[in-house]
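Please keep the sequence and the structure in view while reading.

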4 protein chains.
Amino acid sequence: MHMSFTVAVAGASGYAGGEALRLLLGHPDARIGALTAHGSAGSLLGEHHPHLPALADRVLQPTTAEVLAGHDVVILGLPHGASAAIAAELGDDCLVLDLGADHRLSDSGAWTAFYGGEHAGTWPYGLPELLHAGEASASAQRAALAGARRVAVPGCNVTAVTLGLQPGVAAGVIEPTDLVAVLANGYSGAGKALKPHLLAAKGLGSAQAYGVGGTHRHIPEIEQNLTVAGAASVSISFTPTLVPMSRGILATATARLAPGVDVGSVREAWETAYADEPFVHLLPAGAGGALRWPTTAATSGANTALVQVAVDERAGRVVTVTALDNLVKGTAGGALQCLNLALGLPETAGLTTTGVAP
Amino acid sequence: MHMSFTVAVAGASGYAGGEALRLLLGHPDARIGALTAHGSAGSLLGEHHPHLPALADRVLQPTTAEVLAGHDVVILGLPHGASAAIAAELGDDCLVLDLGADHRLSDSGAWTAFYGGEHAGTWPYGLPELLHAGEASASAQRAALAGARRVAVPGCNVTAVTLGLQPGVAAGVIEPTDLVAVLANGYSGAGKALKPHLLAAKGLGSAQAYGVGGTHRHIPEIEQNLTVAGAASVSISFTPTLVPMSRGILATATARLAPGVDVGSVREAWETAYADEPFVHLLPAGAGGALRWPTTAATSGANTALVQVAVDERAGRVVTVTALDNLVKGTAGGALQCLNLALGLPETAGLTTTGVAP
Amino acid sequence: MHMSFTVAVAGASGYAGGEALRLLLGHPDARIGALTAHGSAGSLLGEHHPHLPALADRVLQPTTAEVLAGHDVVILGLPHGASAAIAAELGDDCLVLDLGADHRLSDSGAWTAFYGGEHAGTWPYGLPELLHAGEASASAQRAALAGARRVAVPGCNVTAVTLGLQPGVAAGVIEPTDLVAVLANGYSGAGKALKPHLLAAKGLGSAQAYGVGGTHRHIPEIEQNLTVAGAASVSISFTPTLVPMSRGILATATARLAPGVDVGSVREAWETAYADEPFVHLLPAGAGGALRWPTTAATSGANTALVQVAVDERAGRVVTVTALDNLVKGTAGGALQCLNLALGLPETAGLTTTGVAP
Amino acid sequence: MHMSFTVAVAGASGYAGGEALRLLLGHPDARIGALTAHGSAGSLLGEHHPHLPALADRVLQPTTAEVLAGHDVVILGLPHGASAAIAAELGDDCLVLDLGADHRLSDSGAWTAFYGGEHAGTWPYGLPELLHAGEASASAQRAALAGARRVAVPGCNVTAVTLGLQPGVAAGVIEPTDLVAVLANGYSGAGKALKPHLLAAKGLGSAQAYGVGGTHRHIPEIEQNLTVAGAASVSISFTPTLVPMSRGILATATARLAPGVDVGSVREAWETAYADEPFVHLLPAGAGGALRWPTTAATSGANTALVQVAVDERAGRVVTVTALDNLVKGTAGGALQCLNLALGLPETAGLTTTGVAP
């Protein structure tokens with residue numbers, strides 16, 4: 001007997017929705033059902049995603065609960081604030097994966113402060129590798145996702161920073177109170193909105209900062225994750241930058257060494273945390289060539305996060321560098337990983353660690 | 001019963017060899033055996049191809065017939081002139097796919113004129129979609145590849161130009177005597193050699209020509225293909241250019257309309273030729289959005305060639321634009337397609353039409 | 001005594017207008033007056049062009065004849081069709097340079113066929129290097145521009161193709177009846193309009209065709225130029241492509257050798273035409289390294305066109321490759337060159353042949 | 001009377017040497033003399049720098065004191081360790097500007113620890129904007145450079161981080177003991193060496209870290225500068241990353257707010273420091289559009305550093321973002337600024353604040 005599931009994708013004309021479809025086309029058990037959009041309803045999917053010829057002739061339907069109902073799985077790639085109403089109309093027999101931010105935060109006050117409006121509620125958080133306090137490697141979060149009917153998929157920047165820093169937090173070898181993260185981000189992370197600073201003429205040959213100085217919406221989500229990992233309180237300076245690539249995040253995240261920590265034990269924390277993870281790879285110590293530091297190209301199209309960690313004794317800081325594909329491990333690949341866990345399928349079904357490079 | 005095959009890759013540290021491995025990792029029947037290199041023998045594959053974590057710890061062996069022997073399939077990603085000697089030592093029970101140029105040309109004189117030295121001989125030509133004179137769609141070339149033990153895989157530029165123009169040649173609607181092709185090429189097509197004009201600082205933000213003016217080695221191969229497609233004689237002006245992308249070819253190839261041809265019949269020739277091809281897609285007439293003209297990103301990582309054709313009545317020319325991934329449909333993907341045909345597997349096994357975009 | 005002139009720029013928030021300002025800031029005699037815009041009127045120039053800090057605090061005024069009047073020079077960087085009405089209100093004592101297409105064509109029928117609507121009339125054509133029939137090097141066009149009060153600045157693609165091919169036409173060594181030109185274009189050439197295919201996420205890592213098949217508006221302008229250069233009739237297949245760079249055009253333009261032409265005389269035509277040109281450089285024959293073929297980076301920010309020519313005897317075609325910066329020699333630099341000629345200043349004032357590379 | 005000076009450039013085939021020549025071509029008083037190289041001696045400059053057509057035919061001479069002697073100014077763009085011997089043979093009547101690291105550090109121990117070998121000695125440090133303890137704006141460093149005969153030009157990364165952070169150090173509003181800097185760097189900063197990770201195929205579409213973890217040679221130079229600015233002791237975590245652009249540095253540098261500092265006084269420190277600087281521009285507070293955050297493109301080809309500063313009260317950190325062109329303000333432009341000061345010319349001679357964008 002072979003189990004298969006039907007899946008609808010809302011927001012199919014966007015980058016996140018398109019990536020979910022790209023991966024679902026390679027999932028052995030998925031049967032792709034309704035595809036919906038808002039402004040693009042009525043057009044062909046191929047007009048938006050010419051890289052998906054198998055679905056080129058599909059007509060986009062309007063995003064309504066009626067259209068989405070009746071599928072085993074619904075993936076929501078909608079603007080912030082739009083998913084709660086739709087999800088409420090989809091029964092509990094349907095697995096709903098929200099690629100947006102609406103249901104990620106457990107603190108309603110943080111939601112209101114960073115996003116505004118009323119909080120839609122909290123769903124199981126879709127980062128299977130999230131360490132819980134006291135864990136050497138992740139199992140509690142996987143347990144929370146097994147059989148879940150609602151999953152809040154994390155943001156791509158948050159995933160990169162969390163994966164970079166959490167082993168040190170969980171092991172108590174770094175201080176979570178003065179973290180600094182600076183990210184080099186590809187343009188697909190900024191979405192498909194038609195804004196002047198997202199034009200190719202502007203982006204090519206240039207690097208630009210945005211959202212500097214503490215108001216970025218990803219901050220409470222990072223704080224939440226590292227608190228789950230055992231931090232008593234978290235403080236992070238977080239700066240994303242746009243660099244001329246379509247995909248990828250290279251996150252440099254640093255923390256002060258905890259007092260009295262033996263430098264040798266730092267690497268051990270990361271090794272233990274990720275030794276058995278199928279999609280998070282700690283690069284070897286002392287390696288040469290392209291194995292030494294992560295590159296985003298190595299993760300392009302793959303569900304992989306590549307992590308490296310180093311101790312800067314002179315500065316008294318641990319420096320981590322994490323590379324991942326914002327649309328895969330950072331969004332749609334992470335969503336499929338959760339889908340597999342929620343449906344009881346092998347966690348790696350339909351996902352690859354092989355990147356498309358050079 | 002499930003058939004599987006063992007495969008060795010020579011030149012595994014290069015871009016072509018690495019791409020063959022990337023695709024073989026996704027082939028349901030492949031078991032990857034020996035990986036060999038020349039100057040990099042002794043190093044880890046991961047130092048060269050960090051995007052292939054599943055093979056990161058494999059040690060590269062020297063490229064010798066002894067190391068390569070004993071596999072069902074051997075893929076040769078070697079410099080021009082190096083494959084004949086190796087292949088001679090591999091028995092006829094072994095399928096050998098040559099990604100280099102040594103065995104592509106049937107005309108020894110053309111070999112000597114364009115490459116120098118003695119011609120190594122001619123192998124079945126690895127372009128399953130190659131039309132033979134009189135064919136409306138390709139079957140003769142597939143027949144030549146079924147059960148083959150030796151396959152000469154075409155060059156990436158040649159594949160793009162041939163796929164763009166051959167339907168018109170075979171149908172007699174274009175003249176093959178004054179062809180012009182200009183290509184925008186990604187840098188991986190120039191290989192991994194350390195040359196000043198291939199540095200990132202030089203390539204980023206710039207477009208450059210090279211090999212202009214008739215001496216390019218791909219010319220006799222294009223002429224040969226279009227002759228197979230039915231041209232009495234072929235003449236082509238061929239100019240590749242390097243543009244700032246790592247992968248991809250966008251080939252603009254034009255031909256004069258044959259005298260007296262009805263414009264309406266032009267499109268029909270391309271439609272007929274590619275209607276049933278799994279990997280060559282003619283974009284629809286009159287389409288909107290991203291379906292109108294090919295983009296290389298839509299083929300990234302996929303074995304797809306996207307073709308569009310238009311008639312410029314004012315200039316009296318047919319203009320074709322073909323996009324493909326030089327490392328996939330242009331090299332390693334085309335090789336796997338031939339491997340499948342030679343071994344009697346489904347032609348599409350391990351290959352996808354889904355690209356990684358944006 | 002030092003002559004200086006005041007200049008107003010309409011459409012100052014666009015790429016063409018911004019580039020005119022960039023160059024005017026370096027012109028020893030220019031005093032920059034009113035800056036106007038349409039939708040952006042009321043905003044600061046710095047919000048649009050952060051690379052021009054000297055003008056960052058200038059407030060954009062609405063584009064009206066009242067605002068533009070009273071300057072010695074007015075540069076119009078407006079959408080097609082908008083300049084005629086404005087120009088009519090500016091007196092003949094004012095030099096008006098139109099960066100748009102409205103006044104380039106001498107054939108009203110061609111205007112209506114390619115642009116639609118009524119033709120606004122023909123102004124002196126702003127390509128000082130344009131060869132007239134019988135000229136070995138350009139002087140007639142310079143004469144037409146000396147003292148002119150109205151100048152129609154050519155399009156960037158047209159400039160590249162004209163400079164590449166005209167020496168052969170004027171010398172009669174190539175046939176003008178079956179020309180083929182394919183261009184690799186940077187994104188600034190597509191303007192600042194917010195369209196999905198111009199987003200960075202789409203453009204990065206990809207090449208795309210557009211406007212294939214004979215309807216491109218630049219075609220009649222090329223035909224006009226080569227007719228001036230002596231062609232009895234012109235026919236050209238013209239295909240621009242977008243590649244991932246912000247600036248630059250690399251134009252590959254080919255023509256059949258005229259019957260009976262001695263191959264040695266081909267190069268001579270180009271050498272003679274451009275020997276004394278300050279801004280058009282024929283690369284040397286038989287050169288090595290970066291002098292062999294043009295690169296767009298070598299022209300970035302400069303008013304230079306780099307041209308190379310080769311004879312492909314096998315194909316019976318002359319192949320030319322021309323690199324230039326679409327915003328400088330292709331638009332605003334060419335405009336300043338005309339401004340200098342019209343005002344009786346040294347032709348090279350405020351213009352450089354030095355590019356910004358790598 | 002018009003003063004002019006002769007200048008020789010050693011290492012003229014490299015990126016730094018080429019950029020010095022690019023700028024010298026625009027300096028009103030410079031007469032370019034000998035151009036020298038090591039491995040490329042005997043070749044034409046045009047083969048290396050096709051963007052400098054005015055010097056294309058110059059033959060590169062070997063780098064010896066004999067060739068360099070007799071010029072008013074010598075600019076050394078040599079590998080680390082090579083300039084001391086050459087400079088010793090050039091008399092004190094010659095102004096020598098060293099673009100390399102040999103004479104930047106005042107602490108011989110730091111030199112030996114980070115570079116190895118014996119320290120060549122300390123020259124006046126070529127950052128005119130360097131604040132000295134107690135200064136609200138820079139004058140002491142300018143005084144040190146006036147009339148100097150030897151100048152050690154700073155590194156590009158160091159310049160970016162120093163300009164970002166020094167106003168806060170000098171004003172005492174930030175703590176210099178736990179600094180974190182992460183930089184997005186263009187490839188020209190990595191030089192012209194032929195290394196696999198610098199190939200275009202690797203760099204395009206990817207971001208990569210390198211030199212993470214405290215051993216980077218720029219660290220003691222940053223510490224030295226901030227100590228000059230008044231820090232009792234400095235500690236910095238410094239991580240450069242390579243992103244797909246040829247030029248530019250976007251440096252994100254953060255520091256903890258000093259205890260008890262009024263947030264309003266932070267911005268004041270930066271405003272005061274840079275109010276009168278010709279080449280360092282603090283972006284306005286509360287600005288919109290492209291004026292809000294620095295972009296590297298806005299500084300391309302210009303001697304400008306664009307700085308923005310924000311207070312993240314939640315994290316207790318000041319975040320600064322600095323954009324500059326690594327080859328201009330980061331290397332050759334900074335050198336010309338020092339040259340002007342040393343020779344008593346206007347500091348801005350031959351330098352521009354106008355960038356080449358988009």
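## The sheet of chain B

Strand β1 (residues 5-10) of chain B runs parallel to strand β2 (residues 30-37) of chain B, and five bridges join the two. Within this pairing, B:Val7 has B:Ile32 of β2(B) as its bridge partner. Strands are DSSP runs of E with at least two residues, helices are runs of H or I with at least four, and both are numbered from the N terminus. Two strands count as paired if DSSP finds at least two bridges between them.

The model is predicted: local features need pLDDT of at least 70, side-chain atom pairs count only at pLDDT 80 or more, and totals for chains, interfaces and linings use all residues. Residues are numbered from 1 along each chain as its sequence is written, chains are lettered from A and ligands numbered from 1 in the order in which they are written, and side-chain values use heavy atoms, with hydrogens and water left out.

## Helices on the chain B sheet

Angles run from 0 to 180 degrees between N-to-C directions, using axes fitted to C-alpha atoms, for helices over the stretch in contact. Contact means heavy atoms within 4.5 Å.

## Chain A: sheet and record

Chain A also has an open sheet of six strands, in the order β3-β2-β1-β4-β5-β6 with parallel pairing. Its edge strands are β3 (61-62) and β6 of chain A, which each pair on one side only. Four bridges join β1 (residues 5-10) of chain A to β4 (residues 73-76) of chain A, and these strands run parallel. Here A:Val7 stands opposite A:Val73 in β4(A). Helix α1 (residues 15-24) of chain A packs on the sheet and touches β1, β2 (30-37) and β4 of chain A, at about 160° to β1(A). Helix α11 (residues 328-343) of chain A lies across β1, β4, β5 and β6 of chain A, at about 155° to β5(A).

An unreviewed UniProt entry annotates residues 6-138 of chain A as "domain: Semialdehyde dehydrogenase NAD-binding". Such positions are given in the numbering used here, feature names are shortened, and annotations may be inferred rather than shown by experiment. Over residues 6-138, chain A is 24% helix and 17% strand. The end C-alpha atoms of this stretch are 29 Å apart.

## Salt bridges

Over all chains, the structure holds 60 salt bridges (a side-chain nitrogen of Lys or Arg within 4 Å of a carboxyl oxygen of Asp or Glu). One of them joins A:Asp92 and A:Arg150, at 3.8 Å from N to O. This pair links distant parts of the chain, 58 residues apart. A:Asp92 sits in the loop between α4 (83-89) and β5 (95-98) of chain A, whereas A:Arg150 is in strand β6 (residues 150-152) of chain A.

## Interface of chains A and D

How many residues does the contact take from chain A and from chain D? It takes 45 from chain A and 45 from chain D. The buried area is about 3600 Å², and carbon and sulfur atoms give 61% of it. Buried area is the accessible area (1.4 Å probe) that two parts lose on being put together, summed over both.

Six salt bridges cross the interface of chain A and chain D. One of them pairs D:Asp178 with A:Arg256, whose closest N and O atoms are 2.7 Å apart. Elements of chain A that each supply at least two residues to the side touching chain D include β7 (179-185), α9 (219-228) and β10 (249-256).

## Interface of chains C and D

Here 31 residues of chain C are in contact with 31 residues of chain D. The area buried is about 2400 Å², with 68% from carbon and sulfur atoms. C:His51, C:Val356 and C:Pro358 supply 25% of the area that chain C buries against chain D, more than any other three residues. Between chain C and chain D there are zero salt bridges.

C:Pro358 lies in the segment after α11 (328-343) of chain C. The peptide bond from C:Ala357 to C:Pro358 is cis, with omega near 0°. In chain D, the bond from D:Ala357 to D:Pro358 is cis, with omega near 0°.
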